[in-house]
Amino acid sequence: MRSLTRSDGRPPKWLNGLRRKANALCALLYVAGLIYLACIVWPSFNDRTYFSENALLPGLVDDEFVHRERTNTFAKQLREVVQTRYGKEYGMPHDWLLEQLESIGLEAYAQNFTAFLPGISGAVEGTNIFAVMRAARAPSVESIVVAVPFRSNTLGSIGLALSLASFCREQIYWSKDLIFVFTEHETIGMQAWLSAYHRLPISSLKADPLAAHGGAIQAALALEATDGSTPFSNVDIRYNMINGQLPNLDLVNLLVKMTEKEALVPTLYMQEDPHGQDLYTEKGYWKLAKTSFKGIVAQAFSRADSGLHSVFGAYGVQAVTISPYGKGRTKSQGGWVDIGRLLEGGLRSVNNLLEKFHQSFFFYFLPSTHRYVSIGVFMPAIGLLMGPVLIKALCVWLDLNDEGESSADGDAKAKKETKSESALAVLPLIVIAHSCGALLYFLPYLLFNAQASISTNDQQLFQAIATIAITLPICPWIIQRNLADKDFGVPSMVVLRVVALLELALIVGVTAVLNFGIAVLVAIFVAPISTITIPFRSKIGWALNSMALVLLHPLVACCVALGVYTALTVPVPPTPSWLAQRAFEQTVDVTVGFIRDSLVYQSHLYAFFTLALFPIWMMFWTIVHHRSE
Amino acid sequence: MKRQRSEVKRIEKTEKTDGNEPLFVRSMDVASAAVVVQVCYLFNPFGIASCIAMTTSVFHNFLIAAALVAFQSGRPYVSASVLALVSMLGLYPAVLMVPIALHYATAGGNSKTPFDWTAFCSSIAVFCSVWAGALYMIVTLSGSWQFLQSTYLFFVLVPDLTPTVGVFWYFFTEVFDHFRLFFLWVFQLNIFIFVIPLALTLRRSPMMLFHILLILIAVFKPYPSVGDAVVYMALLPIWRHLYLYIRHSFLAACTMAVFAVLAPVMWKLWIQDGSANANFYFAITLAYCTAQIFLLTDLLYAELRHRIHMTHGIRVIDESGTEAKIALS
C-alpha cells in the first residue's frame, strides 16, 4: 500500500526529504510550537479588544441607580434575619426573601432540589428562590438572569440584588424579562434551576419543575462580592465555564467597559493589566504571560468553583461572574451603589440586543482585559506541537510499507501476509487498552449508586480508582509474556505505535476545539514523550522510556503537577514529605472532584482522562514493555 | 470472480507468470473474504450508529445487499426486482441497475463476447415493471398520487435544508430563489451523469461498477447519512488483489476517523453550545465527502492499473528493456 503518490505511483519528492530529516523536523516543530505560544502573548502579535455587536451600545446610557439607603437596609435586614434565625450556621431565609421580593412587586417562587453526590453521605437538599420581573412592553420571549449565590459572605451582594430588583421594577424600558435567582449550595443550586428551566433532567440531581419561565435566556450576570468592606477597588471578571467553554467576548468586554466607567479596575484572575506604558516592556510581558497561563489552566481544569456563571455554558447561555474585591481608597467610589450601576449598565446593554450573542469570538484567551488572542492565532500552536506526532506516524507507516516491498518479489507476498496478520494481531491489544479506560470511567458509577443509602466516601472512591488505574498496566505485560512472540512480533508493535500516535493526534486535535487549555497542556507534555516511545531496544533506552511513561500516567502526572504547583505557591519552602502528602491529598480531591463534576455539571474532564488519554497511555506502555527475543 | 479466472487463463498463455502472483485472486482470499466482509459490516461504527439511531437505512442496506447476492449468484430478474424495491424507497439506488444489466449483457465472457442487448433490455424491463407495479400498489392503497409529494418530489426538489452529512443543505441555504431550479438540476444530475462514463469504462467489470456507484450514491444523494456508507465499506475486502495499487488508503482512512470523531463535536458546538457556526460542521462533512471520493478514485485507478498489468505483467518492460512508468493520463 502506498499513500500520497504521484500519478505514476511513486512517492512525491518532498516525502523522501521528510523521511530523511524526520527526527530533526519533529524536534524543530516542537520547539517552534513552544516559542510560538510564548510569542502570541506579546502585544504586537495579538489585538486590542473591540465590540462586535453594535446593538450593545455599551456605556451609552446614564446610569440611574442611586439607591444607597435601600441597598444598605436590605443587607442589614438580611444579616439580622440570618443571625437571629440561624446564628452561626448561615442558613438561607427563604420566606424572608420571598416576602421581600413580593413586596418589591415581582413574581417570587421557590424551587426545591436534591443532589446525590459521591463522597457525601446523604443527599444535599436545598431551595432556590427566584423572581421574575416581566417586561412591561414586550412579550416574555427572552430574559436576562441575575444570579447571586447564598453564602455567609455574600449577604451584601444579596442586598444589592434586591435593591437592584426594586430599581429595575420601576423602569419601563425593559424589552426582556429579568430573572433574579438566589441559589442555595451555589453552583449545585444553579444547575438545578437551569436544568428545570430548560427541562433537561440530570440523573444525579432531582430538581422540582419551575413555576414560571421567562423565555430564552440571552445572558446571565452573576454577582459574588465577598463581604469585604466597601469601598471596593477592583472587580474580578470570571468567565471560564465548565468543559472549557467561554462566553462571547462581547459580554466580557461589556463588563470590562462598565467596570472602567465606574472608575474601578477590572482584573482577570486577580491580575491587573500592565499599565499603558508598560505594555511593550519585559515587565508588562511577564504580567501578560502570567494572566494567559492562569487563563489556560483555568480553562483546562474548569471546575464549578469560579462562580455561578460556570454552569450556564451547557445550555448555550453566555454568562460572566462579577466579583468586586480590594480596598478602595476614596469613600465616594467603589461602594455597593457603584457595583449596582455597573450591573445596571450591563443589563441595559444586553436589553438592547436584537439577536443572541453571535458576533464576537467564542474561542479565545485573554492576556489582559484589553487584549485577546483568538482561535486563528492560537490554533497553529497545536498544529506545531502535534506536528511531530503526525510526522512520526507517517514516517513509521511508510517505513512499514517499504519493508514489505523492498525485498524481492518472492518474499513480497510473505511480508504482506505478516503485515496484515500483525495488523490484525494488534487489534486485541487496542481493544484491551480501550476497555481498561472504559472500566476506569464506569467504576465510580458502579460503586456509587445514587439511590442507595450507603455511599462511599472520598477516600474509598479514590482508592478504588487508583488501585484499578495502577494495576491495569500489568495486563499487557502478562499477556505478552504468556503468548508466543510470533503473535506480537516487532511489526505489530510498529502498527500499534502508528495507531496510538494517530489516536493521540486525533484526541488532542478534537479537544483543541472544545477546550484549548487542556489540549495545549496535553500537547506540551505528552507529544514529545510519545514520539520517542519505541519498542524495546537497549536497556538504558527501555529504562528511560519507562520512567518517562510512568510520569505521564494520569494519576502520577496529576500528583506531580499538584506538587509542583503547591511548592511554587506556598510562601514557606516545604519539606519533601509534607509536599508529597499535600500533593497526594490534593490528587484525591481533584479526582473525586472530577467525578462529582461529571455527575452534577456534566463535565467531561474525567471522561477525557479515562476514556481518551488512559487507553493511549496503555498502548504506549504496551509498546515500551514489549519483549522480543 | 469468474471474470478474474478467465483473465488468469489469458495471462498464463503469455507465459508471464513469474512474479505475477500478487495480481491474481487467490482462492483462500475468496474464502476468507466472506468472513472479513461480515466482520467489517458488523463492527463498522457507522453501522452501529445507524442501528442505535434506529434509522430506515438498515432496510435500504439489506435490500441492496440482497440485490447484490442475487446479482452475483446468477439470478438477473430477482436482483432487478429487489433493486426495484429499494429504488422505490430511495430513488437513487436505481443507478445500480446499470451494472446489473451490463453483467447480464456480457455474461461471464471476456471482451470478445458480443453485447447481448436482449438480456440488457429484459433486465431493465423487469426492473421498470416491478417498480411500476409497486407504485401502482401504493396508489391503490393510498387512493391518490399525493404520496409523490412526500417521497420522490421531496428527494428531487430538496425543500428541507436540515443539515446532513451531504453537500446539498449548505449550498441551498445560500442560493437565490431565481436560480434554485437551475442548481437543483445541476446537483441532481451529478449522480446520474457520472454513471455514463463509469459504465463505459467498467463495462467489463460490473462488480467494480456496482461498488463505485454505491460510493457515488452515498456522496451525492440529497439526504445522505453515514448508514449509506456501511455497505460499500463492508465490501472493500473483496478487492484484495487490487490493494497493491491503492494509493490514498492512509489518507482516506485517517480522514474518515477524524470525521467520525469531529462531526458530532462540531454539531454539538454549533447547535447546543451556540459557539461555532454552520461552517465548522460543513467543513468536516466536506472532508468526509472528499475521503469518499478519494476512495472512489483509488478503486477506479487500481482497477484500471490492474488491467494493464494483467496484459503486460507485473513489471511492464517496454521496447528499450527498462521498466516503464505507468501514468494516469
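**A close look at β12(A) and its surroundings**

Tutor: Happy to! In chain A, strand β11 (residues 364-368) is joined to β12(A) by three bridges, and the two strands run antiparallel. Please keep in mind that this is a predicted model. β11(A) and β12(A) form a hairpin, with two residues between them. Within that pairing, Phe365(A) stands opposite Val373(A) of β12(A).

Let us stay with β12(A), which spans residues 371-374. Arg371(A) and Val373(A) point one way from the strand, while Tyr372(A) and Ser374(A) point the other way. These four are buried, on both sides of the strand.

Arg371(A) itself is buried and points the way Val373(A) does.

Now for another strand of chain A where both faces are covered. In β8 (residues 234-238), five of five residues are buried. Asn234(A), Asp236(A) and Arg238(A) lie on one side, with Val235(A) and Ile237(A) on the other. One partner of β8(A) is strand β9 (residues 265-267) of chain A: three bridges join them, and they run parallel. Asp236(A) has Thr267(A) as its bridge partner in β9(A). To get from β8(A) to β9(A), the chain passes through helix α7 (residues 249-261), and this β-α-β crossover is right-handed.

β8(A) also pairs with strand β10 (residues 318-325) of chain A, this time antiparallel and over five bridges. In that pairing, Val235(A) stands opposite Pro324(A).

In α4 (residues 94-104) of chain A, the buried residues are Trp96(A), Leu97(A), Gln100(A), Leu101(A) and Ile104(A). Looking down the helix axis, these buried residues fall within an arc of 130°, so they line one face of α4(A). Glu99(A) and Ser103(A), on the other side, are exposed. What covers the buried residues includes the helices α3 (68-86) and α5 (155-169) of chain A, together with the strands β2 (107-115), β3 (124-133) and β5 (177-183). Just past the end of α4(A), Gly105(A) takes a positive phi of about 115°.

For contrast, glance across to chain B, which has 15 helices and zero strands. Buried residues make up 48% of its 329 residues. Among the contacts in chain B with a separation of 6 or more, 72% come from residues 24 or more positions apart. Its accessible surface comes to about 16400 Å², and 70% of that belongs to carbon and sulfur atoms.

The unreviewed UniProt entry carries the annotation "transmembrane region" for several stretches of chain B, including residues 178-200 and 250-267. In the model, residues 178-200 are 100% helix and 0% strand, with the end C-alpha atoms 36 Å apart. Residues 250-267 are likewise 100% helix and 0% strand, and there the end C-alpha atoms are 26 Å apart.

How values were computed. Residues are numbered from 1 along each chain as its sequence is written. Chains are lettered from A and ligands numbered from 1 in the order in which they are written. This is a predicted model: local features need pLDDT of at least 70, side-chain atom pairs count only at pLDDT 80 or more; totals for chains, interfaces and linings use all residues. Side-chain values use heavy atoms; hydrogens and water are left out. Buried means under 20% relative accessible area, exposed over 50%, partly exposed in between (1.4 Å probe, protein chains only). Two strands pair if DSSP finds at least two bridges between them. The arc is that of the directions from the helix axis to the C-beta atoms. Contact means heavy atoms within 4.5 Å. A crossover is right-handed if, with the strands pointing away from the viewer, the path from the first strand over the helix to the second runs clockwise. Accessible areas come from the Shrake-Rupley method with a 1.4 Å probe; for residues, only the protein chains shown count as cover. UniProt positions are given in the numbering used here, feature names are shortened, and annotations may be inferred rather than shown by experiment.
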